[in-house]
Amino acid sequence: MNTFGRLFRISIFGESHGPAVGINIDGCPAGLKIEPEHFEEDLGRRKSGAKGTTPRIEEDKPEFISGIYNRFSTGAPVTIRFENKNVKSRDYEKVQARPRPGHADYTAIVKYRGFNDPRGGGQFSGRMTLPLVAAGVIAKKIIYPATIQAELIEAGGSKNIEEVLDKAIADKNSVGGLVECTIRGLPVGLGEPFFDSVESLISHMIFAVPGIKGIEFGGGFKAAKGTGSEYNDAIIDSSGRTKTNNTGGVSGGISNGNDIVFRVAVKPTSSIPKTQVSYDFEKDEMSEIRVTGRHDVCIALRVPVIAEAVAAIALADLKLINDVYKSFGDKIKF
Ligand SMILES: Cc1cc2nc3c(=O)[nH]c(=O)nc-3n(C[C@H](O)[C@H](O)[C@H](O)COP(=O)(O)O)c2cc1C
C-alpha cells in the first residue's frame, strides 16, 4: 500500500506524469519549526542535472497545503505537493505493448489489468522519491540530535565513479552503485521487537525506493564467513560503546547506541539507449527494442539523500513509539 508508519504515518500520492506528486504526514508532532528553506538542501541533493542523471529537470518546489502555520507544525496532517511540469509522455506510448526489460511495465500491466498509467513509469517512477525526501526533512527534525548521512561509495563495483559513468554513457548503457548510510547519536532503545525491529523498518522503507535490490547492516554479509571472536562487538564503556561495529548499531532489533550503518545496492537503470530484446505483446513474438525517453544513467547518484530520508522516516516513527514507552519510567539501575 502507499501508507507507512504507526505514529509518524506517511501516505504518498501521484504519478510521474500526472499533475503532481506529494505526501501526507499524519502524526507529525506540533511545534516543530518548519520553513520552506529547510527543504532546499535535501531537495537539491536529489535533483537531476549532474552528469549521469536524467535530463528531465523539474523545479521541485514544495507547496505546503496543510499542517504548518506561522512556521511551526500545528499537529494537523502535513501535506506537501510538487507539480510535475517537465513531462514528455509520448516516449511511453509503446511500453504497454513492449514492456521495458527490468522495469515495472509488465508487472503493472498484469496487476492493474492495463489500467495503470505508464507515462514516465507512473507510480513506479523515481519521481515518487521526491515527496519522500520532503518527509525526510521533517523526520530528521524528529530524530535530532541524531544525524544521518549517506554517500555513494562505489559505482559499477569501482571507487572511480567518474570513469565508470563516462564508460556507461559512451556504451549507451547504465550502471549500479553502492550507497552507505550512517546514523550517529541515536539513543539506546529504538526498535520494537518482534516485527518492527530497526533493521526491519529501515529495510521496509529502503525497499520502497525503486531500483534498490539489497541492504546490509554493519559487517553485513561478511558475517556468514566469520567467527564469533572476530565478529562480536566488545562493549568498552558504561554507555554501551563497542570496540567494533559489526552489528551496525542494532542488537536484538534495538538501537544499541553505536552508529547505525547500512549499505544499499542500487541496480543499474533499466531504461538504456542500447538495443535490447523484449516480448512484443501485440505481435506475440520477441522483438528488439530501443528505450527512448530521458533517464538516469546511474540511479545510485541520486539515492544517498533518499536513503537518508527513508531511514529517518522509519526512525522517527520508532522514536515517537519509544518515547511513549519511556514515559513509564527511568532506566533500570543495575
Ligand atoms: C531517483 C530515482 C531515479 C530513477 N530513474 C530511473 C530512470 O531514469 N529510468 C528507469 O528506467 N528507472 C529509474 N529508476 C528506477 C525505476 O523507478 C525502477 O527500476 C522501477 O520502478 C522498477 O522497480 P524495481 O527496480 O525496484 O524493480 C529510478 C529510481 C530512483 C530512486
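The model is predicted; local features need pLDDT of at least 70, side-chain atom pairs count only at pLDDT 80 or more, and totals for chains, interfaces and linings use all residues. Residues are numbered from 1 along each chain as its sequence is written, and side-chain values use heavy atoms, with hydrogens and water left out.

The ligand is surrounded by 17 residues. The closest are Phe124, Lys267, Ser271, His295 and Asp296. By residue type, the shell holds six nonpolar, nine polar and two charged residues. In this scheme, Ala, Val, Leu, Ile, Met, Phe, Trp, Tyr, Cys and Pro are nonpolar; Asp, Glu, Lys and Arg are charged; the others, Gly among them, are polar.

A polar side-chain atom of aspartate 296 lies 2.8 Å from a ligand nitrogen. For histidine 295, the distance from a polar side-chain atom to a ligand nitrogen is 2.9 Å. Glycine 211 uses its backbone instead: an N or O atom there lies 2.9 Å from a ligand oxygen. On its own, the ligand has 630 Å² of accessible area, and the protein covers 88% of this. Such areas come from the Shrake-Rupley method with a 1.4 Å probe; for residues, only the protein chains shown count as cover.

The cysteines were examined next. A disulfide is a covalent bond between the sulfur atoms of two cysteines. The criterion is a pair of cysteine sulfur atoms within 2.5 Å. The count is zero. The sulfur of cysteine 181 has its closest cysteine sulfur in cysteine 298, but the 17 Å between them is too far for a bond. Cysteine 181 is buried at 0% relative accessible area. Cysteine 298 is also buried, at 0%. Buried means under 20% relative accessible area, exposed over 50%, and partly exposed in between (1.4 Å probe, protein chains only).

Serine 270 sits in the loop between strand 13 (260-266) and strand 14 (276-280). Helices (H or I, at least four residues) and strands (E, at least two) are DSSP runs, numbered from the N terminus. Serine 270 is buried, with 10% relative accessible area. Leaving out residues up to four places away in sequence, serine 270 touches Pro101, Gly102, His103 and Gln276. Contact means heavy atoms within 4.5 Å. Lysine 85 lies in the loop between strand 7 (78-83) and helix 2 (105-111). The C-alpha atoms of lysine 85 and glutamate 58 are 6.6 Å apart.

Methods. A residue is near a molecule or strand if one of its heavy atoms lies within 4 Å of it. A polar contact is a pair of N or O atoms within 3.5 Å; within protein, one must be able to donate a hydrogen and the other to accept it, and residues adjacent in sequence count only if both atoms are side-chain atoms.
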